[in-house]
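Here is a friendly walk through one protein chain, written for someone who likes to check contacts and torsions. Please keep the viewer open while you read.

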Amino acid sequence: MKSLVLAEKPSVAKEIARVLGCQQKHKHYMEGPQYVVTWALGHLVTLAEPEEYDPKYKTWNLEDLPLLPSKMKLKVIRETTPQFKAISQLAQRGDLKELIIATDAGREGELVARWIMELVRWRKPYKRLWISSQTDKAIRDGFAQLKPGPAYDPLYRSAVCRAEADWLIGLNITRALTCKHNAQLAAGRVQTPTLAAMMDREAQIRSFQAKDFWMLRAQLGSFQALWRSQAHPDGRLFDKAAADALLEKLKTARSAKVSALKVSEKSEPHPLAYDLTELQRDANKRLGFTAKQTSNVLQRLYEQHKLVTYPRTDSRYLSSDMVSTLPDRLKALLGTPYGASAKGLLAKPLPVTKRIVDDSKVSDHHAIIPTDERPQLQLLGADERRLYDLIVRRFLSLFFPAFRYDETAVTLDIAGESFHAKGRIVKDQGWKAVYDGSSAPSEADDDDAPEEEPSSLQSLPALQLGTELKDLRLSQQKGTTKPPGRYTEAGLLSVMEKQGLGTPATRADIIEKLLSTDTIERRMNTLQPTGKGVQLMELVVPELRSSELTASWERELERIAKGQGDPDAFMAGIRKQTEAIVRDVKNSSAEYKPHNLTHSKCPDCGSPLQDIKGKRGRMLVCSSRECSYKRAAEAQLSNKRCPQCRKKMEIHTGKAGKYAQCRPCNVIEMLNDSGGSGGRGKAGKRQQSQLAEQYSDNAKLPSALEEALKAALGKGSGGSDDE
């Protein structure tokens, strides 16, 4: 009898099959003496659409809401049907004694497998492969220590609750807002309070009133000191006359006297290991990666290169059973640019502290660290190399001593006024040595952290109480208070984490969802709400804007995952909340006015056209939901150049066919078979291909032979509506 192994992706299934000795390759599975390995394609099964409960729901009507099915139905995702059918057929085989769930070891991976099991009606025993890396050794060890499948039932129940809650709230509020205001408006359980947090920051920025202030500085040879007093502890004077009077008083001073001197030994321990959110923050600040980009690159490092441990973790600690594996992870780094640091650590026992290993702070998965796989750095892409570098350096820093320095705080008396300065002398670089002089991270890193004035990193000369400093220059510096900055992606991730919005695995997707629905936009390195997002906040009911409500849902989902919460009670609360939200939308008197309406009219129905950002650039789309008219807002450029100004000409389509036009010169040329970018030959074919890609959703142009064959088979040349 054999075991059926279900992986989440074909690439992972291939590696598991290789380790398990499954050499017989079939289209939908691989087989060996003891195991049959198959795979999902991400999700094969999902929650059914409203129209699958009743065809009338295919049309969106406010009167039909809320949609609250008594029992949620599952359906096979149409595009993945062949793979699902293959798994279903395997499940009927009499020589398979058990199923081994080998999907990702997390809530989403559990859901992938269990929904498939439910639809194929799996009734035989099942076990769980629970591993934190994809190395051969981890796979072998994992199969040697399979867990009982039912032990993960609470995790599955939590995953189902999350999916059903998102369906009920997201679908109902989106349909309600869209129907009520005749506009495509999307809202959700997590994305809406995330947008609300951004709107709170926008309100702070709008209400901010800048004020001028003045500060007095003393330049004393090689260092600076800043005037402060008990009444003005930050040294800022908002009265210009008072600042001028103070400077005038001090002009007669010719020296400064050291009135107080304090030397403190300070230390900064190594930062904690990465969880996913912290890594996304750091990669955004240091590498300019988006959260989604970090997730994608990290997944490749985990799955394809097998160089890092499980990505979607919320823990920044390691478990005690990992301590014995740490030397092998360091040995794998020998012979790489990190070899010198690793060799030094291997020369003596590793200092494993509670700051590194803490079982009480590890739930499903430990922090993200390198595996014991020897890295082939030349095989990594540029982004993979840079992200791996962050992970390795953070891992190495865990075993180095604290960064230690002496901080000197000096108070200077200048004509009876106190000036203050700080400086430091590094005693031990400690863990910062791992960063080779590059910008080492700090636990204090924060988008909103105030800058120290003057810098505490400056060097101070040897000073003693009573020392008189003659080299004195005083200056007045004008400044202006600044509003809080808009969130970077790193800053928004921090807010989501603090407010309990989403999980490490879902936060990047929430940000991308807000971007894709034109609710927020990226500007330079910041995120800010669009006009649509601003209005959406005014239309959404207050309950859904509340981060506390969403955070309480997340906490309850965690309790359910640990077997402590009640799934039925949770879903009853979600249904009740859905009813209340829809009722409030129906009764609302608020109005929505699209912020991006143009003066152009739809040629089909006469409604105003909206200017929206699409995947292929800006588009003009009819504002009426009943109308499907759209066109490119910006004309596509051809490879044909204007004979007068030599600039690329625009492509247009008229009654006589496609033509190229240079508007400034009013030059028009037809794009036909005899020449131009529409002609025969390589250039013409390339242009056709580009046009097809631009306007046909990447569908390939059919060849003449294909057309002839289709006609001969009686199918004509029309495409399928399934795409």
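Leaving aside its neighbours within four places in sequence, which residues is H270 in contact with? They are R355, I356, S397, L398, F400 and W431, where contact means heavy atoms within 4.5 Å.

## Ground rules

This is a predicted model, in which local features need pLDDT of at least 70 and side-chain atom pairs count only at pLDDT 80 or more, while totals for chains, interfaces and linings use all residues. Residues are numbered from 1 along each chain as its sequence is written, and side-chain values use heavy atoms, with hydrogens and water left out.

## Around H270

H270 sits in the loop between β12 (256-268) and α8 (276-287). Helices (H or I, at least four residues) and strands (E, at least two) are DSSP runs, numbered from the N terminus. H270 counts as buried because its relative accessibility is 6%; buried means under 20% relative accessible area, exposed over 50%, and partly exposed in between (1.4 Å probe, protein chains only).

One of the contact partners of H270 is L398, and here there is a polar detail to look at: a polar atom of the H270 side chain lies 3.3 Å from the backbone oxygen of L398. A polar contact is a pair of N or O atoms within 3.5 Å; within protein, one must be able to donate a hydrogen and the other to accept it, and residues adjacent in sequence count only if both atoms are side-chain atoms.

## Two nonpolar cores

The largest nonpolar core has 84 residues, of which W115, I116, L177 and F570 touch the most other members. Helix α5 (residues 153-181) gives this core its largest share, 14 residues. A second, separate core holds 45 residues, including A283, V297, Y302 and I356. For reference, a nonpolar core is a set of buried Ala, Val, Leu, Ile, Met, Phe, Trp, Tyr and Cys residues joined through side-chain atoms within 4.5 Å.

Is T503 buried or exposed? T503 counts as buried because its relative accessibility is 12%. T503 belongs to the loop between α13 (489-498) and α14 (507-516), and beyond its neighbours within four places in sequence it is in contact with R107, R162 and E554.

Q464, at 59% relative accessibility, counts as exposed. Q464 is placed in the loop between β14 (417-428) and β15 (468-469), and touches V258 and L261 once residues up to four places away in sequence are set aside. The C-alpha atoms of Q464 and A260 are 8.7 Å apart, although 204 residues separate the two along the chain.

H26 counts as partly exposed, with 35% relative accessibility, and is found in the loop between β2 (24-25) and β3 (29-31). Residues up to four places away in sequence aside, H26 touches E31 and W39. From H26 to T38, 12 residues apart along the chain, the C-alpha separation is 9.6 Å.

## Backbone torsions to check

L65 and P66 are joined by a cis peptide bond, with omega about 5°. P66 lies in the loop between β5 (45-47) and β6 (74-76).

D518 is not a glycine, yet has a positive phi of about 60°; it lies in the loop between α14 and β17 (520-523). R646, another residue other than glycine, has a positive phi near 70° and is found in the loop between β23 (637-641) and β24 (648-654).
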